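Hi,

Here is the structure I promised to pass on.

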Amino acid sequence: MAISTILLFLLAGLVAAHGDGDTTIRLPSDGAEAPPRPPKPWDCCDNIEMSPLEIFPPLYRCNDEVKQCSAACKECVEAPGDFPRGAFVCRDWYSTVDPGHMCTAPDQPTTKRPWKCCDNIVQLPHMIFPPFWRCDDELEPGKCTAACKSCREAPGPFPGPLICEDVYWGADPGPLCTPRPWGKCCDKAFCNKMNPPTCRCMDEVNKCAAACKDCQRVESSEPPRYVCKDRFTGQPGPMCKPRAQN
């Protein structure tokens, strides 16, 4: 009885404080427009990077070197190199389902994979299946020009390694050059923001890959499921399930 009386007093106080007798509890979104989304930090992008963080919408960053960053870019830094070249890169991450179109249309994609293996595989944002792929591994100049139709300079000192610009059109981007502890692919990768990142894979599997050193059973899983607890410095590799195409 005493508790009921206290609750009545509290409710009366809330009504009096409101002033107009309206006791409706309003959520922050009731009657209020959502704040406008910030503009994308790039108008178009040839070298798009998707964050390995498992969130939706995913995070993207544009690694194009430009003479002037977009007005919407908050973190515009000088492109890496031994001396000023008048080139800049926007380091902003942007959350979106669609990172936008490329600045230059890709060369005629090839159905023959230009690389034998790739550690830094990139799926281009075109809504197409099979998807377009590009390998951003840094190669010795001789190896790049021998395998690829088009090569570009990698960021850093000049002269230096080259990156293959060829676009491959196919369902399988090929194997990784450096084995990951969790195997050929990972759907639930968690990485820090270092360059290169340190990653771990939280996929639950029937059996850990042979390269995994710390394989732990998922508690109470039946039939048993396992997670590889190893960490790896470098990109986590492609996803096991194809990315949904809208």
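Predicted model: local features only at pLDDT ≥ 70, side-chain atom pairs only at ≥ 80, totals over all residues.

Residues are numbered from 1 along each chain as its sequence is written, and side-chain values use heavy atoms, with hydrogens and water left out.

Salt bridges

I took a salt bridge to be a side-chain nitrogen of Lys or Arg within 4 Å of a carboxyl oxygen of Asp or Glu. On that rule there are six salt bridges. One of them joins the side chains of Glu-49 and Arg-61, at 3.1 Å from N to O. This pair ties together distant parts of the chain, 12 residues apart: Glu-49 sits in strand S1 (residues 48-50) and Arg-61 in strand S2 (residues 59-62). Strands here are DSSP runs (E, at least two residues), numbered from the N terminus.

For exposure, buried means under 20% relative accessible area, exposed means over 50%, and partly exposed is in between (1.4 Å probe, protein chains only). Glu-49 counts as partly exposed because its relative accessibility is 21%, whereas Arg-61 is buried at 13%.

Another salt bridge pairs Asp-119 with Arg-180, whose closest N and O atoms are 2.8 Å apart. Here too distant parts of the chain are linked, 61 residues apart: Asp-119 lies in the loop between strand S5 (94-95) and strand S6 (121-123), and Arg-180 in the loop between strand S11 (168-169) and strand S12 (189-191). Both of these residues, Asp-119 and Arg-180, are buried.

Then there is Arg-217 with Glu-222, where the closest N and O atoms are 3.2 Å apart. Arg-217 is partly exposed at 47% relative accessibility, and Glu-222 is exposed at 66%.

The S1-S2-S5 sheet

Three strands make up an open sheet in the order S1-S2-S5, with antiparallel pairing. S1 and S5 are at the edges and have a single partner strand each, so one side of each has no neighbour in the sheet. Two strands count as paired if DSSP finds at least two bridges between them; S1 and S2 pair in the antiparallel sense over three bridges. Across that pairing, Ile-48 has Cys-62 in S2 as its bridge partner.

Cys-191

Cys-191 belongs to strand S12 and is buried, at 11% relative accessibility. Not counting residues up to four places away in sequence, Cys-191 touches Pro-52, Leu-53, Pro-197, Thr-198, Cys-199 and Pro-236. Thr-233 is 42 residues from Cys-191 along the chain, and their C-alpha atoms are separated by 9.0 Å.

The annotated span

An unreviewed UniProt entry gives residues 201-215 the annotation "domain: Bowman-Birk serine protease inhibitors family". UniProt positions are in the numbering used here, feature names are shortened, and annotations may be inferred rather than shown by experiment. In the model, the end C-alpha atoms of residues 201-215 lie 11 Å apart, and the span is 0% helix (H or I runs of at least four residues) and 13% strand.

Cheers

Notes: Contact = heavy atoms within 4.5 Å.
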